[in-house]
Every structure is written in C-alpha cells, then in structure tokens.
Amino acid sequence: MQEKNILDQLRKNGYKITPQRQEILRTLQTDPRPQSAEDIYRKISAYYPNISLDTVYRNMAILQELGIVSKLNFQDGKNRFEINHADGHHHHHLVCIKCGDAKVVDLCPFKSLDKTKLAKEKKFEILGHSFEIFGHCAACRDKLGKHEI
Ligand SMILES: [Zn+2]
Ligand SMILES: [Zn+2]
C-alpha cells in the first residue's frame with residue numbers, strides 16, 4: 001500500500017495522522033520483514049522516547065481493522081504485522097522457530113483453490129487465509145551443526 005493511500009484511509013475513517021502513527025508506518029515500510037508490536041516499539045522508542053508500547057498496540061489494532069496491515073501468527077505467542085499490498089498481492093513466509101526470522105515465499109498455495117465453490121459448498125464466507133512454513137533457517141542450522149538438508 002502506498003504511503004498516501006494509507007494516510008487517506010486513516011483520515012477517511014476519522015483517525016488523525018499523529019507523529020507516532022507516521023513513525024509506526026515508516027517502521028513497517030522500511031523493514032519488509034514481519035514485525036511484532038514489541039519490535040516496532042523498540043525501534044521507535046530509541047529516538048522517540050515518548051511513545052508507549054500501549055500506543056503501538058492500539059495503533060496496530062486500528063491499522064489491522066482498516067486493512068492496512070495483516071497480523072501473522074508464527075506460533076511463538078507473538079503476533080507480527082506486515083503492510084498489505086495495494087493490488088491484493090500477498091505472500092507467505094518461511095519462519096525460523098529458533099530466531100524468528102521470516103523469509104518471503106512469493107507464491108500462494110491457495111491460488112488454485114476454487115474459493116467460490118468452497119464457499120458455496122460450506123456456506124462459508126471466506127475473508128482471508130494464513131499459511132506459514134516453520135523450520136530452522138540457514139544461520140540457525142549452521143549453529144546447530146546441521147549441514148545436510
Ligand atoms: Zn533462525
Ligand atoms: Zn495466500
């Protein structure tokens with residue numbers, strides 16, 4: 001999503017463009033990896049000591065509600081956020097369960113799924129999906145002394 005579109009979206013829904021909100025968006029845009037509210041808070045509070053973790057949580061909930069960010073569940077108890085792409089394009093992740101690093105996989109296994117048929121069959125309105133692959137990244141595999149895949 002483009003910066004301008006995001007700001008328009010916020011304004012349209014009655015949200016002010018506060019400096020904190022802009023910093024949160026900038027943090028999400030400059031690092032394309034999924035980030036937790038704590039990650040975002042840590043980065044911003046380094047040069048913006050007035051921000052609170054609560055403010056970050058609240059803003060992430062608003063951004064998610066407006067469809068600006070997606071919440072990803074990496075099963076380590078921490079939710080991570082990622083900016084949505086304007087054209088509806090999205091991707092999935094290879095998630096390292098040791099260090100939490102996430103690499104983008106540019107394919108969607110649900111592309112071939114007939115969503116209309118499934119929705120009709122199950123009388124279920126499909127709004128989205130999530131799909132993450134868990135494992136050990138190359139760096140952690142090195143540390144673990146695993147070489148052969
Ligand atoms: Zn790792
Ligand atoms: Zn997908």
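**Domains, salt bridges and exposure**

Author: In this predicted model, the C-alpha centres of domain 1 and domain 2 are 22 Å apart. Domain 1 covers residues 1-85, and domain 2 covers 91-149. To their contact, domain 1 contributes 9 residues and domain 2 contributes 8 residues.

Reader: How is the area buried between domain 1 and domain 2 to be read, and what share of it do carbon and sulfur atoms give?

Author: The general idea comes first. The size of an interface is often expressed as the accessible area that is lost when the parts come together. Here, domain 1 and domain 2 bury about 690 Å² between them, and carbon and sulfur atoms give 59% of that area.

Reader: Which residues of domain 1 lose the most area to domain 2?

Author: They are Arg33, Phe74 and Glu82, which together make up 52% of what the domain 1 side buries.

Reader: How many salt bridges are counted between domain 1 and domain 2, and how many residue pairs are in polar contact across that interface?

Author: The count is 1 salt bridge between the two domains. For polar contacts, the rule finds 2 residue pairs across the interface, both at pLDDT 80 or more.

Reader: What is the general idea behind a salt bridge, and how many does the structure hold?

Author: Side chains of opposite charge can pair when their charged atoms come close. The structure holds 9 salt bridges. One of them joins Asp101 to Arg33, with the closest N and O atoms 3.8 Å apart.

Reader: Is Glu23 buried or exposed, and what is the N to O distance in its salt bridge with Arg26?

Author: The side chains of Arg26 and Glu23 meet at 2.9 Å, N to O. Glu23 has a relative accessible area of 12%, and therefore counts as buried under the 20% cut-off. Arg26, at 40%, is partly exposed. Both residues lie in helix 2 (residues 19-30), 3 residues apart, about one turn of the helix.

Reader: How should I read the pair Arg42 and Asp39 in helix 3 (residues 37-45)?

Author: Arg42 and Asp39 are both in that helix, 3 residues apart, about one turn. The closest N and O atoms of their salt bridge are 3.6 Å apart. Arg42 is exposed because its relative accessible area, 52%, is over 50%. Asp39, at 18% relative accessibility, counts as buried. Elsewhere, salt bridges that share partners join Asp31, Arg33, Lys43, Asp101 and Lys103 into one network.

Reader: Turning to the chain as a whole, how many helices and strands does it have?

Author: The secondary structure comes to 6 helices and 6 strands. Along the sequence, their order is α-α-β-α-α-β-β-β-β-α-β-α. The C-alpha trace spans about 50 × 50 × 25 Å along its principal axes. Of the 149 residues, 32% count as buried. Among contacts with a separation of 6 or more, 47% come from residues 24 or more positions apart.

Reader: How many residues of helix 5 (residues 115-122) are buried?

Author: The count is 0 among its 8 residues, and the helix is hardly covered. Leu118 has its place in helix 5, and at 31% relative accessibility this leucine counts as partly exposed. Leaving aside residues up to four places away in sequence, Leu118 touches Leu113 and Ile126.

Key
Residues numbered from 1 in each chain as written. Chains lettered and ligands numbered in written order. Predicted model: local features only at pLDDT ≥ 70, side-chain atom pairs only at ≥ 80, totals over all residues. Heavy atoms only, no water. Salt bridge = Lys/Arg side-chain N within 4 Å of Asp/Glu carboxyl O. Helix = DSSP H or I, 4+ residues; strand = E, 2+ residues; numbered from the N terminus. Buried < 20%, exposed > 50% of the residue type's maximum accessible area, 1.4 Å probe, protein only. Domains from an automatic or database assignment. Contact = heavy atoms within 4.5 Å. Buried area = accessible area lost by both parts, 1.4 Å probe. Polar contact = N/O pair within 3.5 Å; in protein donor to acceptor, adjacent residues only side chain to side chain.
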